[in-house]
Amino acid sequence: MLCTFNQIQKRDNIRERTKEEMSRFRGANGGNILDKFVIRGGHPLEGEVNISGAKNAAVAIVAATILCDEPCIIENIPNISDIGISLEIFRDMNADIQVINKNTIRFDTKNISKPNVPHELARSMRASSYFLGTLLGRFHEAFVPLPGGCDLGDRPIDQHLKAFKALGALDDIQSGCVHVKADSLIGSQIYFDFITVGGTINAMFAAVKADGYTVIENAAKEPHIVDVANFLNSMGADIRGAGTDVIKVRGVKYLKGITYSVIPDQIEAGTYMVAAAATRGNVLIKNVIPKHLESITAKLRTIGVSVEEFDDSVRVRADMGGPFIKTNIKTMPHPGFPTDMQPQISTLLSLAEGTSTVTDDIFDNRFRYVSELRRMGADISVDGKVAVIHGGTLKGAPVKATDLRAGAAMVIAGLAADGVTEISDIFHIERGYEAIEDKLTALGADIKRVYVPSKNDLAMSV
Ligand code: EPZ
């Protein structure tokens, strides 16, 4: 089970200092695992919303502080439960973590004595695999149980291991734990069989202090790849080409401590853009990099939504009437339309006139939310990797967040539906969206968290 910061804080084996610090760095509404959202739909979103730091950049950058030879301060870290899990991993490794404020943390990793990640924490998120690359880069050895994360079908790490092997590491998987070890890491050529975000980041981590020169080919180009490379370069690494499909890394001996701010979250921004559209609202989405949103902006415009771009914000309007227009979408690695926005945009298309198709073949199973959306009246059929969406209206119903972005789609559906929608398993949503109900409430949504004490909480309160 995934943990909110609140639950992590309640674990009785936490050292006092960390316990105090965790309490300052927890989900803004730090709830329980069984909590639900209850949304009364039909209120157009209006006003302004600030986008938090990018989850998928932050989880990698936080893990990368292990490679740094001095303390680092990371700013604009999203206050989400995946970061809470990363902090738990650091605590277990004896790193010195100081939570400066709710989005800023100082990491001093010099005291890490063992290159091990505990089983239950590794299984709680996909990004635990980044500890393989960073521990290998620093200690030339890592023990990390196979990662968990959203259930989107099979999610192997063979390409990560292929990259480590190219640099001279041997791997062995026993009882679900990956052990990688190298006498020394030597720069080499790494060619990915297909584009992998996690594989590209892990290859950079292992190569950054290797001896000599590494060339990573068929690399992923997502904004968070560039952010991770910028972070490493600011510490003194020599990485060129991040954001293109060939990344060149010249190994260095020493990485100095810095203060670094994580980029804004492309997917959180896209989610609020779609929510503004689906509720026929008018929202200024602030603290974004509009270039990162181009594929989302283009599709929203095709659907008939107005998107105005400014230097670091976008205004999304769908309050002028006119139907949403059907369209076809295929998810692609960056700069294509992101798979992490597929459930949200499909929800909007279920409100469009006519029939749209959505193809998503990046993961085996990213359509699990469809059966939930059907409970709300959506007319969607799925054949393999293709969903056919006949647009119509949505009605409130009890539904479940089946994973992080599926949960975001349920929130959008609830906001746009007639009547009341109750969403369970919202801990998935809290893995990646900071203070979502506060941000939506400030935009005029009627969304309430229902606190449901778990058996553990009840036992603790006795
Ligand atoms: C990252 O996952 C993101 N997670 C995902 O975010 C995102 O959906 C995905 O990239 C694609 O953009 C993080 O950054 C923590 P991949 P990752 O390696 O790195 C297969 C979200 O909602 N593959 O690019 O796991 C894999 O199974 C999420 O925030 C292998 O077969 O994605 C998938 O089919 C969920 N072997 C495809 O490649 C490997 O060794 C792309 O995966 C690696 C990947």
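Colleague: Where does Pro 335 lie?

Modeller: Pro 335 is in the loop between β17 (328-330) and α12 (342-349). Helices (H or I, at least four residues) and strands (E, at least two) are DSSP runs, numbered from the N terminus. A word on the ground rules: this is a predicted model, where local features need pLDDT of at least 70 and side-chain atom pairs count only at pLDDT 80 or more, while totals for chains, interfaces and linings use all residues. Residues are numbered from 1 along each chain as its sequence is written, and side-chain values use heavy atoms, with hydrogens and water left out.

Colleague: Is the peptide bond from His 334 to Pro 335 cis or trans?

Modeller: That peptide bond is cis, with omega near 10 degrees.

Colleague: And what about the phi of Asn 94?

Modeller: Asn 94 is not a glycine, yet its phi is positive, about 70 degrees. You'll find Asn 94 in the loop between α4 (81-92) and β4 (96-101).

Colleague: Let's switch to the ligand. Which residues come nearest to the ligand?

Modeller: There are 23 residues around the ligand, and Gln 159, Thr 196, Val 197, Asp 340 and Ile 362 come nearest. To be near, a residue needs a heavy atom within 4 Å of the molecule.

Colleague: How far is the polar side-chain atom of Asp 340 from an oxygen atom of the ligand?

Modeller: For Asp 340 the distance is 2.5 Å. Arg 155 has a polar side-chain atom 3.1 Å from a ligand oxygen, and for Arg 366 the value is 3.1 Å. Polar contacts here are pairs of N or O atoms within 3.5 Å.

Colleague: How much of the ligand does the protein bury?

Modeller: The protein buries 91% of the 820 Å² that the ligand exposes when taken alone. Those areas come from the Shrake-Rupley method with a 1.4 Å probe.

Colleague: What does the shell around the ligand look like by class?

Modeller: The shell has nine nonpolar, six polar and eight charged residues. Ala, Val, Leu, Ile, Met, Phe, Trp, Tyr, Cys and Pro count as nonpolar, Asp, Glu, Lys and Arg as charged, and the others, Gly among them, as polar. The largest share of this shell, three residues, comes from α7.

Colleague: Which space does the ligand take?

Modeller: The ligand takes the space of the largest pocket, meaning that more than half of its atoms lie within 2 Å of the pocket's grid points. A pocket is an open set of points on a 1 Å grid over the protein atoms alone, with protein on both sides within 12 Å along at least five of seven lines; a cavity is a set where a 1.4 Å probe fits but cannot get out, and lining residues have an atom within 4 Å of a point.

Colleague: What volume does the largest pocket have?

Modeller: About 1100 Å³. Its lining has 48 residues, and Arg 155, Val 197, Gly 198, Ile 362 and Phe 363 are the closest to its centre.

Colleague: How many cavities of 30 Å³ or more are there?

Modeller: The count is three. The second largest cavity holds about 40 Å³, and residues lining it include Thr 271, Tyr 272 and Leu 440. α14 gives the largest share of that lining, four residues.

Conventions:
Grid points are joined across faces, edges and corners, and a volume is the space filled by probe spheres set on the points. A polar contact is a pair of N or O atoms within 3.5 Å; within protein, one must be able to donate a hydrogen and the other to accept it, and residues adjacent in sequence count only if both atoms are side-chain atoms.
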